[in-house]
Amino acid sequence: MLIFIKHPPSAAENKEYFMANTFESFKEYLDKINMLQHASTLFSWDMETLMPKGGLKLHAKTHTYLAGEAFDMSVSKEMKAYLDEFSIPGELEKYLSDPKELRLWKFSVEKLKKDYDEKARIPSELFRDFLQEQSESFGAWQEAKQTNNWQLFAPHLKKMIDFQKTIISYTDPGKDTYDALLDDYEEGMTSEIYDRLFNELKEGLLPLVKEILSKPAPDHAKFDRYFDPYHQEKLQALLLRYIGFDFDKGAVSKSEHPFTLNFSSTDVRVTNHYYDHEIMNSIYSAIHEGGHAVFEQNVDPMFDGTPAASCQNMGIHESQSRFFENFLGRNKSFWIPIYKDVQATVPALADISLDEFIAEACRVQNSLIRTAADEVTYAFHVILRYEIEKGLFDGSIDVDDLPRIWNEKMNEYLNITPPTDSEGVLQDMHWSDGSFGYFPSYLLGSIYDGMYKDAIEADLGPIDDILARGDIRQITKWLNEKIHVYGNTRKPAEVIAAVCGKEVSAEPLLRYFKEKYLE
Ligand code: ZN
């Protein structure tokens, strides 16, 4: 997301900077921006993890100052002059002879220039208003969710939609607004592609879920007990190490909502939240965030400090976290080599057999809340949000009708009616700050995963066998080499073509669900 926008300098203003630039001074300039960003990121990390309430004021002020300085430098006339100069064909070649380094810097300059141009096209007044409304809208959403008062949030949601329409008319003139938003989270994605994938999935999943739910549900009773948070924390470390998280290049902390944050490929942090009666929650958050982290830890270290480093495509990123969480972590074979250690680490699991454990981990049920949904019905939570977002931007859905439409879709796809809007249309924060187009990337991640599974098995043999003999690192290494090392340098379609040799399709994911849940 764009933060802190400033008006672009005119061409005349830039002239004085031309000629004086060398590649070394350009790198020094970027290095200064990186250091400011590094410091401001450290403040974010501390604010989410260790900072006491009393630290907020000074932390927020310092964080905003540092991030603002970094932003100013990224849209300054110096930056424009550098980017103009090093975009000239042949210019980088004067400084760089190593072909790999040359490729990296060509990519970086192109990416930085694209970002600069996009930011520069938005009138600064408009962007300041958007930032202002963003925080007001977020506050209204929080209160609306707490008090179950949809009316409180509706006018802000309308404004966020209008703002996005206006902003996109500047950044991507002539482009469909929702397609431009989808592209922000996953480069190259359009509603046409999502329609095809999600319709295919919907048609296959509706009867499949019905069939799964017609079977007797596993007994949850044994999991309704106290699990010492200290034991859960130790288990997280065990699981992270097991999947290949490198503690020399990563750290763990606690926060309200689990997340991953990376400073560079050699410093990637994850958090978790330990509920004392909910062990599955922290286990699968540990593996999920671990998947994001293993990705970032294995990006080519040469990319650090450039736009090539951290992967900005949410679908590709989620495909890694969700592959570890669901395709590996919700597989019985994942646990076979370590379940004894797991029980020793968490004594409250001592009388729970591996079969009981995995039945609980794979329990399918129609539920209200997206973030707590199982891997199968999760698809419907995303599809209904996608259909609503699309309708909001093509004008076929009115904000005032949202609670009704939400509940109708919940009924259609999940056979369940939310008792309140807080547990329905108001549950997620994404729309409150204008993050439309983000939701579909979660499910896209799982669709990619179905395809990776086929590719891994073609290369290495059945995943079940690899996991059962405790060779999970072989899979991690495969992902490192095929996906992680490239960082942000490949577009999603290029990743899928290179790794799977075909176009994206939902068929492998559907097949995986059928094989796993109907047997
Ligand atoms: Zn994630």
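What spacing do the donors of the zinc ion follow along the chain? In this predicted model, the spacing is H-x3-H-x25-E. The protein donors are H288 and H292, each through NE2, and E318 through OE, and they lie 2.1 to 2.2 Å from the zinc ion. H292 belongs to helix α11 (residues 279-297) and E318 to helix α12 (residues 314-328), so this pair ties together parts that are 26 residues apart in sequence. H292 and E318 are both buried.

Helix α10 covers residues 229-243, which makes 15 residues. The N-terminal end of α10 is capped by D228, which has a side-chain oxygen 2.9 Å from the backbone nitrogen of Y230. Within α10, the buried residues are Q232, L235, Q236, L238, L239, L240, Y242 and I243. After α10 comes G244, with a positive phi near 115°.

Positive phi values also occur in residues other than glycine, including N148, with phi near 50°, and N415, with phi near 55°. N148 sits in the loop between α6 (124-147) and α7 (150-171), whereas N415 is found in the loop between α17 (402-414) and α18. With a relative accessibility of 35%, N148 counts as partly exposed. N415 has a relative accessibility of 63% and therefore counts as exposed.

Another exposed residue is K57, at 74% relative accessibility. K57 is part of helix α3 (residues 56-74). Between K57 and V109 there are 36 Å in space, taken from C-alpha to C-alpha, and the two residues are 52 apart in sequence.

A disulfide is a covalent bond between the sulfur atoms of two cysteines. The count of disulfides in the model is zero. For C500, the closest cysteine sulfur is that of C311, at 15 Å, which is too far for a bond because a disulfide requires sulfur atoms within 2.5 Å. C500 is buried, with a relative accessibility of 15%. C362 is buried as well, with a relative accessible area of 16%.

Rolling a probe the size of a water molecule over the atoms shows where empty space is left. The second largest pocket holds about 750 Å³ of space. Its lining is made up of 26 residues, of which C362, E515, K516, Y517 and E519 are the closest to the centre of the pocket. Several helices supply at least two residues each to this lining, namely α9 (191-213), α13 (332-335), α15 (354-361), α18 (439-460), α19 (463-468) and α22 (507-517). Helix α22 gives the most, with four residues.

The structure also holds three cavities of 30 Å³ or more. The largest cavity contains about 60 Å³ of space. The residues that line the largest cavity are F295, C311, N313, I316, I483, Y486, G487, R490 and V495. C311 in this lining is also the residue with the cysteine sulfur closest to that of C500.

Notes:
Residues are numbered from 1 along each chain as its sequence is written. This is a predicted model: local features need pLDDT of at least 70, side-chain atom pairs count only at pLDDT 80 or more; totals for chains, interfaces and linings use all residues. Side-chain values use heavy atoms; hydrogens and water are left out. The expected span of a helix is 1.5 Å times one less than its number of residues. Buried means under 20% relative accessible area, exposed over 50%, partly exposed in between (1.4 Å probe, protein chains only). A polar contact is a pair of N or O atoms within 3.5 Å; within protein, one must be able to donate a hydrogen and the other to accept it, and residues adjacent in sequence count only if both atoms are side-chain atoms. Donors are N, O and S atoms within 2.8 Å of the metal (3.2 Å for Na, K and Ca); water is not among the atoms, so sites may look incomplete. On a 1 Å grid over the protein atoms alone, a cavity is a set of points where a 1.4 Å probe fits but cannot get out, and a pocket is an open set with protein on both sides within 12 Å along at least five of seven lines; lining residues have an atom within 4 Å of a point. Grid points are joined across faces, edges and corners, and a volume is the space filled by probe spheres set on the points.
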